[in-house]
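Here is a short report for a reader new to this structure.

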Amino acid sequence: MNPWTLLGLNDDADERTVKRQYAKLLKVTRPDEDPEAFQRLREAYERALDWSRNRADEDDEFDSPAVTIGQASALSVETVTSAHTTADLVQPAPDAEAMARQAARVLVEETTAENLPRQHQRAVEQGRDLPFQQRLLDRCLEANSSNGDLLEAAINQLQWLTPWQSLRISADREIQLTQRLLDSEGARLERALAEGKERQFLAALQALAQQPWLASLERRDQLQRWVMFFLHNHKGWTAALFDRVCELFGWDDRKGVFPEPEFIWRNLIERCEKYAYIEHWQRLLAGGKTDSVEEKAARLVLQPGRKVDRLRLARFCSADVWIACERLCSTINNRYPEMLDVFPEADLQSWRTLRVEPMNPAVWTWIGWVLFTALFMIPNEMMKGTLDGVKAAVMLLMYPFFMTGLCRIAMRVWRPVCLAIEDADEWLSDLLLPEWLHWPASQALVVRHGVPLVLIGVILSSQGPAAVLCYALLMLAWIFLSPYRHPQIYAPIREAVRTFLHVNARKIFLSIIVIAASAIYFSLYPLAPKPVPTSSSGQVAKALPGQLDCSSEQAMDLMDKDCRNAVLPERCANYSREQKISQCWRLRTRLQRELDSQASPGH
C-alpha cells in the first residue's frame, strides 16, 4: 500500500509533517492491540520519511546556482539542435560517471557473500569503489531483499556504519540499514527464545550490543527500541531474563530510564510482573512441599489432585491459608486469567467446600465419654441396685469430665513418642489399614491412635463384656460417622450449636451450676424413705437380719408374693429373674434404711 495513503498525507509532505502524523496515528494504533497494523504503520512511516528527506536533498541540489559541465553541454547541444539536424552535429563523449555506475551495477549483480572481497578488490582496481558500494547498498536495502548474509559480509568487509567507512551514507539510510541488520539478527534470537534457551539468547544479545556498527549513540538508542519491540512481539521469556536485559542496557523504571514509547514499556512491565507471579507459583508446586501458607494454597487451588489428598491437607489449614486461596483466585480472575492455561488442573471453587473450622478433640472426647456413661455406666449401676436418680445425674456430670481430663493428660504424654516414630507409623498405617479406615481426613494411625484405643478397651474389659461391646460400638460409630470424614455435613449443625451456645451461654452456665448443686445436696442429704405397707415387706424384713440373698429361691418366692399383693399384679407377673433380683435389691435397701433410721437416737 502507498505509504502516503496509509499515513493520510499528500505525497509532497515534508519530514516534520510526517513525524507529527505518525505520532498522532501511534496513539490509536497500539502494537499490543494490533501488531500487524502497527508494523504496517511503522514501515509506511520509514518509507515516507525516507522519501521526504530525499526530496529535500534533491530540492537543495536543484536550487544550487552552479551549473556542471554536463549540464552546460546539454544546454549547448539543445541550442545547436534547434538550428541544425542531429546528423550535422558531433555527438558528445560518453559520460564517464554513467559508465562507472553501469560497470559497478554489473559487479554487484555478480557479488555474493563469499566473493565479496574479490569483487570489491576488482572495483577498487577499476577505480569504481564508491559506485560499487553505493549500488551494493541499494541492493542490500531493497524492499523484498533476502540478502542477509551479503549484508553482514558488506558490514564486515566495507566497515559500514563505523568511522572507517569510505562511503557517505545519509542519516535515514543509516537508520534503514541498522534496522535491516537488527531484523536479520532477530531470527536467531527468536529461535533461541522459542527453544527456551535464555542463556543463549542473552549471550547473543550481548554480542549484538558489542558490534562496531552499533557504537554510535543514535544506533544504540535504535537497538534498545528494537529490543523493546522484540520482547513485546514475542512470548516465552521469563521475568529473570527481562531483569538481565534491563541490567544489560541500564533500564530502570524507578529512575525513569527506559526507551520510548512509554506505553510499550508499561506493557512490558505488566507482562514481567505476570511472568514473575506465574513463575513464583510454579516454583512452589515444583518444590512438592506443603509447609508454608502459599504452598498449601498452591496445592489446593492450582493442583488439587485427589479429594483424599485435599481433605488431608485441609484439615491442617489455618485461616491464613484460606485467605491466601481467596487472594490467589481473585488475582487469577481479575488480573491474570492466562494462568489457567499454564495450570490446566486449577480449580478455583472446589477448595471452598473443604473450608471447615478446626474441631476441638477434647469436646469430642467428652461427648464419647458422656455416651459411654449414659449407655453403660448408669444402666449397669442401676441393675446392681446401688444407684438412684441423684447419683446417676452426678455420675453423668462428673464422670465424663474426669475421664476426658485423664485422656488428655495421657495423650500429652504419648504425643512425643508418636512424633518420634511418625514416619514409621504412617508407613505401617498405609500398609495395614484399609483406606476406608485410614481415612486421610482423620489420619487414623496404627500406633498413634490404635495403641491408646486398645489400652482403653483392655481397661474397660474389667467391667465385663457389656462394657467392651458398648465401647466397640461407639468406636465403630466414630469411624463411620466422624465429623472429620464428613465435615460439610456437620458444618451446619456445628454452626447452629455454636450460635445457640453463644446466645444462651449464661443460661446454660447457670443451669449447670443449679443441677450440680442440687445433685451434691441430695447426695449429702437424701430424702427419708417412705414405709412399705406390703405384707412381703414384713417377710423380707424378717429375713433381713439373716442377710437374705436376693438371688436365692427364697427371694424369688417373696417377690412373687409381693407381686400378687401389689396394686397392679399383672404388671409384675411377667418379670424376668433379673428384674426380680433388681426389685429385691431395691426393697432390701429401702428396708435397711428404715431400720437404720428407726435405730438411730431420737426415733
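## The chain as a whole

The chain has 28 helices and zero strands. The model is a predicted one. Of its 603 residues, 34% count as buried.

Contacts can also be sorted by separation in sequence. Take those between residues at least 6 apart: 64% of them join residues at least 24 apart.

## Helix 10 and helix 12

Two packed helices are described by the angle between their axes and the distance between the axes. Helix 10 covers residues 198-209, and helix 12 covers residues 239-249. Their axes lie 11 Å apart, at an angle of about 15°. Angles under 35 degrees count as roughly parallel, and helix 10 and helix 12 are therefore roughly parallel to each other. Their crossing is right-handed.

Which residues make the contact? Helix 10 supplies Glu 198, Phe 201, Leu 202, Leu 205, Gln 206 and Ala 209. Helix 12 supplies Leu 241, Arg 244, Val 245, Leu 248 and Phe 249. By class, this contact has eight nonpolar residues, one polar residue and two charged residues.

## The buried face of helix 12

Helix 12 has these buried residues: Ala 239, Leu 241, Phe 242, Val 245, Cys 246 and Phe 249. Seen down the helix axis, they fall within an arc of 155°, so they line one face of helix 12.

What do the buried residues of helix 12 pack against? Their partners are helix 9 (171-194), helix 10, helix 11 (217-233) and helix 13 (262-287). Gly 250 follows helix 12, and its phi is positive, near 75°.

## Helix 9 and helix 11

Helix 9 and helix 11 also pack together. Their axes come within 10 Å and cross at roughly 40°. Helix 9 and helix 11 are therefore oblique to each other. The crossing is right-handed.

On the helix 9 side, the contact residues are Glu 174, Ile 175, Thr 178, Gln 179, Leu 182, Asp 183, Gly 186, Leu 189, Glu 190 and Leu 193. On the helix 11 side, they are Arg 219, Gln 222, Leu 223, Trp 226 and Phe 230. The class count is seven nonpolar, four polar and four charged residues.

Most residues other than glycine have a negative phi, and most peptide bonds are trans. Some places in this chain depart from that pattern.

Gln 159 is not a glycine, but its phi is positive, about 60°. Gln 159 sits in the loop between helix 8 (148-158) and helix 9. Leu 161 is placed in the loop between helix 8 and helix 9 as well. Leu 161 also has a positive phi of about 60° without being a glycine. Are these residues buried or exposed? Gln 159 counts as partly exposed, at 36% relative accessibility. Leu 161 is buried, with a relative accessible area of 2%.

The loop between helix 12 and helix 13 holds Pro 261. A cis peptide bond joins Glu 260 to Pro 261, with omega at about 0°.

Glu 110 lies in the loop between helix 5 (96-109) and helix 6 (116-125). Its relative accessible area is 45%, and Glu 110 is partly exposed. Setting aside neighbours within four places in sequence, Glu 110 contacts Asn 115, Gln 119 and Arg 122.

Thr 331 belongs to helix 16 (residues 319-334). Thr 331 is buried, with a relative accessible area of 15%. Not counting residues up to four places away in sequence, Thr 331 touches Tyr 277 and Tyr 336. Tyr 575 is found in the loop between helix 27 (569-572) and helix 28 (577-599). Tyr 575 is partly exposed, at a relative accessible area of 28%. Leaving aside neighbours within four places in sequence, Tyr 575 is in contact with Lys 580 and Gln 583. Tyr 575 and Met 559 are 16 residues apart in sequence. In space, their C-alpha atoms are 9.8 Å apart.

Conventions. Residues numbered from 1 in each chain as written. Predicted model: local features only at pLDDT ≥ 70, side-chain atom pairs only at ≥ 80, totals over all residues. Heavy atoms only, no water. Axes fitted to C-alpha atoms, helices over the stretch in contact; angles between N-to-C directions. Helix = DSSP H or I, 4+ residues; strand = E, 2+ residues; numbered from the N terminus. Parallel < 35°, antiparallel > 145°, perpendicular 65-115°, else oblique. Left-handed = near helix turned anticlockwise from the far one by under 90°. Contact = heavy atoms within 4.5 Å. Nonpolar A, V, L, I, M, F, W, Y, C, P; charged D, E, K, R; others polar. Buried < 20%, exposed > 50% of the residue type's maximum accessible area, 1.4 Å probe, protein only. Arc of directions from axis to C-beta.
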